[in-house]
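Please examine the structure shown below before reading on.

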Amino acid sequence: VACVYGDLTLRLRAALAPDARLEVVDILPIQLQNLRSKLPADERVTIVRGDSSSLAAAAASFDQLLLFLLLHEQPEPVRRATLAEALRVVKPGGKIVIVDYHCPARLHPLRPLMRAVFGRLEPYAMDLWRYEIEQFLPDDIKPASISKATFFGGLYQQLTLIR
């Protein structure tokens, strides 16, 4: 869910099993156009314009879902709805992987710079420094398990939720 600059989708496509499919959802037409220009034709890959907080997919229709650097872009109500939708569309036993910002260690050399960037350009990113992503999950759908790892001195986090 959400296009990513660079070659992430190309790498995901390259890792697909022959009978697997990949659906990429983004709300911005320009992001989808950019992705289409990089992606070779492949009937296993579908590009969909859609809202992460209100996905068109049926309940329990995906084995895995990736939210890569999306949640920090969203105000809290939209972030909560996006996480609820992720849990809704992933099959029981399926996996949701979330990669996003995390509060770095107090003496992290990039902490002051990131705080300044967020203050000016990313108004919702500081939420991920103040709160754990788990706090934005819906009360009515709980994952079976959650594992977390941080990277680069805690600047980034990866959560893996099993539905």
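Two strands are said to pair if DSSP finds at least two bridges between them. Strands (E, at least two residues) and helices (H or I, at least four residues) are DSSP runs, numbered from the N terminus. The model is predicted, so that local features need pLDDT of at least 70 and side-chain atom pairs count only at pLDDT 80 or more, whereas totals for chains, interfaces and linings use all residues. Residues are numbered from 1 along each chain as its sequence is written, and side-chain values use heavy atoms, with hydrogens and water left out.

Consider strand β6 and its partners. Strands β4 and β6 pair in the antiparallel sense over seven bridges, and V99 stands opposite Q158 in β6. Strand β5, residues 145-151, also pairs with β6 in the antiparallel sense over seven bridges; here S147 stands opposite T160 in β6. Four residues lie between β5 and β6, which form a hairpin. In its turn, F152 has a positive phi of about 55 degrees.

The interior comes next. In soluble globular proteins, nonpolar side chains tend to be buried together. A nonpolar core is a set of buried Ala, Val, Leu, Ile, Met, Phe, Trp, Tyr and Cys residues joined through side-chain atoms within 4.5 Å. Buried means under 20% relative accessible area, exposed means over 50%, and partly exposed lies in between (1.4 Å probe, protein chains only). The largest nonpolar core has 24 residues, of which L65, L67, L83, I96 and I98 touch the most other members. At least two residues of this core come from each of β3 (62-68), α3 (76-89), β4 (90-101) and β6 (156-162). Helix α3 gives the most, with four residues. Which residues does I96 touch, not counting those up to four places away in sequence? With contact meaning heavy atoms within 4.5 Å, I96 touches L65, A86, L87, V90, L159, T160 and L161. A second, separate core of nine residues includes C3, L16, V45 and I47.

Finally, consider two residues in loops. L28 lies in the loop between β1 (22-26) and α2 (29-38). Is L28 buried or partly exposed? L28 counts as partly exposed because its relative accessibility is 45%. Y131 is found in the loop between α5 (127-130) and β5. With a relative accessible area of 38%, Y131 is partly exposed. The C-alpha atoms of Y131 and R115 are separated by 15 Å, and these residues are 16 residues apart along the chain.
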